[in-house]
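User: I would like to go through some labels used for this model and see what each rests on. Please set the values against the criteria.

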Amino acid sequence: MMKIPYIPQDAPFNGDQRAWLSGFLAGLHSRTAMGMETSVAAAAPRAAASVLNILVGTQTGNAEALAMDIADAARAQGMQPVVTALDDVSMDSLGGMKRVIVVTSTYGEGEMPDNAELFWEALSADTAPRLDDMNFAVLALGDTGYDGFCQAGKLIDTRFEQLGGKRMKTRIDCDIDFEDAAAAWIGETLPLALAIDGGTAAVATPAIAELPARAKQGWGRKNPYAARVSVNRLLSGPASSKEIRHYEFDLGESGLDYEAGDALGVVPLNDPKLVGALLERFGASADSEVAGFDRPIGDALLNMFEISTPSRELVTEIGRRAGHDELSHILANGDREQLAAFLWGKDILDLLDLGGKPLFDLAEFVTFLKPLQHRAYSISSSPLVAENSVHLTIASVRYRAEGRERGGVCSTYLADRVEAGRNAGIFVSPNKAFRVPQDNDAPMIMVGPGTGIAPFRAFLQERQARGAKGKNWLFFGDQHRQADFIYENELGDMSRDGVLTRLDLAFSRDQAEKIYVQTRMRQNGKALYQWLEEGGHFYVCGDATRMAKDVDEALHRIIVDEAGITAEAASDYVNRLKREKRYLRDVY
């Protein structure tokens, strides 16, 4: 692994120069680990005073892409941007930074993203350094549909202030529709950073209409590529309780490229049946005009709004108007767990029915709807193998409640309404923090039950195409082997070809005692620990709420047992794997 060079205390640098060099070396290390390109010559300091440290906390790549856009914009204004993942920032280097922009997403229900956990642990400790010379600003990404909206950014912003840092610009908390708000904030913040200590630009520049890296990419959430679906195939067996499908999208002349580990954004359309039911509920026709829209309301409900999952604002307003005792009680007590249980399986139409009377007119109702969002899925192919195409492995979400059939917005859109030969809007979401080892000889351990196998199918294809000699070990499972062993033939071929060194299966319901991937990990703890000791990379993909946590606990227990160390020492071991980018997760 690449190590960050140590700067001796007696080296002839002043505080600013030392901080810049520490940040630069950390940034160089981070960019190498995350697949970012950097030029030592281009990054050499013209003046220490113009250094801008851009610190990134990312889970799926959005914050990282935005940070690189900020770096491009800062460079155009004459600054020296240094982009560093938060976990690669030492407290010593942080204490010497003068200009800092933090760009961070929030993971789960208000948690730090994976590549910021260790940074936050150190920053929140009593031993964290004073930041009296720091001028900072925080750009937080989040989703108001979740508790703890932008919580990671809020925590870092508050802690920097507690440690003496001075805000260049008030923190911005961006919802899922973040591009325009973020661009305007960046346009106002960069001149403030440049003006510190006598910089030349003290007046805000116009808002950045389109950030540089995003413009280069061409296709994005607001401008998806209409890709032809060449394959829409059922993977799971007829006896399965799940419906898992394999999709292949033809990239045509799009110029879209991707790497194993990236995600693919799919822009769905809503279910016409649900649109029709909502229109019927309001006594409106699809071609009705609503003030403020340049299209008929039926088209807007189909293409523009989230009409399945209610926004928090809509839930609160329905609770205020409906006179529903249970919902009113839950909201009054602020019990998030009870609210989640109450909302489970309910969509917007269910909530509108709670009052037994019209709660809104149509024009008012749509003001409480959130924009229809893309869904991001882990790519299940390597571009070295899938010629000018990209593959996805998706479980179709279906259930019945209150006499109506329900389904996942995007998964059933693809399954039911985008058969082979039709088009769907797509774009690539790079995830440079989730990659095949650069060292082709490094062992690779992958834990991916169910559709969590998706990126590891891509990883194995990548290793095979590269001719990599490193060992590959996959833990895979689901409910029943006969019905749920997706890609069985492919995995069998890879095993026979020597690409897949070990395959451990865990089908939970094929025996009286349930067996999961973490069970197989513990059963093979000695070998797993040995692979780690040989420099192995450990990957997890799938459900964050239960599976990923259980896998993490199993990993810690294996290290305690096989290394003969304490639980605290095992945590240090796992943290070292994270710092070395050898423990990576793609969880949701």
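User: What links Asp157, Glu161, Arg167, Arg171 and Asp173?

Analyst: Salt bridges join Asp157, Glu161, Arg167, Arg171 and Asp173 into a network. A salt bridge here is a side-chain nitrogen of Lys or Arg within 4 Å of a carboxyl oxygen of Asp or Glu. The whole structure holds 45 salt bridges. This is a predicted model, in which local features need pLDDT of at least 70 and side-chain atom pairs count only at pLDDT 80 or more, while totals for chains, interfaces and linings use all residues. Residues are numbered from 1 along each chain as its sequence is written, and side-chain values use heavy atoms, with hydrogens and water left out.

User: What makes the pair aspartate 353 and arginine 281 a salt bridge?

Analyst: The closest N and O atoms of aspartate 353 and arginine 281 are 2.7 Å apart, and the criterion asks for within 4 Å, so the pair counts. Aspartate 353 sits in the loop between helix H14 (348-352) and helix H15 (362-365), and arginine 281 in helix H9 (residues 272-282), 72 residues apart. Helices are DSSP runs of H or I with at least four residues, numbered from the N terminus.

User: Why is aspartate 353 called partly exposed?

Analyst: Buried means under 20% relative accessible area and exposed over 50%, with partly exposed in between (1.4 Å probe, protein chains only). Aspartate 353 has 42% relative accessibility, so the label is partly exposed. Arginine 281, at 27%, is also partly exposed.

User: Which salt bridges does arginine 321 form?

Analyst: Arginine 321 meets glutamate 317 at 2.7 Å, N to O, and glutamate 364 at 2.5 Å, N to O. Glutamate 364 lies in helix H15 and arginine 321 in helix H11, so this pair ties together parts 43 residues apart in sequence. Arginine 321 and glutamate 317 both belong to helix H11 (residues 312-322), four residues apart, about one turn of the helix.

User: How do you know that the buried residues of helix H13 lie on the same side?

Analyst: The buried residues of H13 (residues 336-343) are Leu339, Phe342 and Leu343. They cover an arc of only 90° around the axis, so they lie on the same side of H13; the arc is that of the directions from the helix axis to the C-beta atoms. Glu337 and Ala341 are exposed on the other side of H13. H11, helix H12 (325-333) and H14 are among what covers the buried residues of H13.

User: What is found at the start of H13, and what follows H13?

Analyst: At the start of H13, a side-chain oxygen of aspartate 335 comes to within 3.2 Å of the backbone nitrogen of glutamate 337. Glycine 345 follows H13 and has a positive phi, near 80°.

User: How do helices H22 and H23 cross, and which residues meet there?

Analyst: The axes of H22 (residues 547-563) and H23 (residues 567-579) come within 9 Å and cross at roughly 115°. Leu555, His556, Ile559 and Val560 in H22 meet Ala567, Ala570, Ser571, Tyr573 and Val574 in H23, where contact means heavy atoms within 4.5 Å.

User: Why is serine 571 called partly exposed?

Analyst: Serine 571 has 28% relative accessibility, so the label is partly exposed.

Key. Helices (H or I, at least four residues) and strands (E, at least two) are DSSP runs, numbered from the N terminus. A polar contact is a pair of N or O atoms within 3.5 Å; within protein, one must be able to donate a hydrogen and the other to accept it, and residues adjacent in sequence count only if both atoms are side-chain atoms. Axes are lines fitted to C-alpha atoms, for helices over the stretch in contact, and angles run from 0 to 180 degrees between N-to-C directions.
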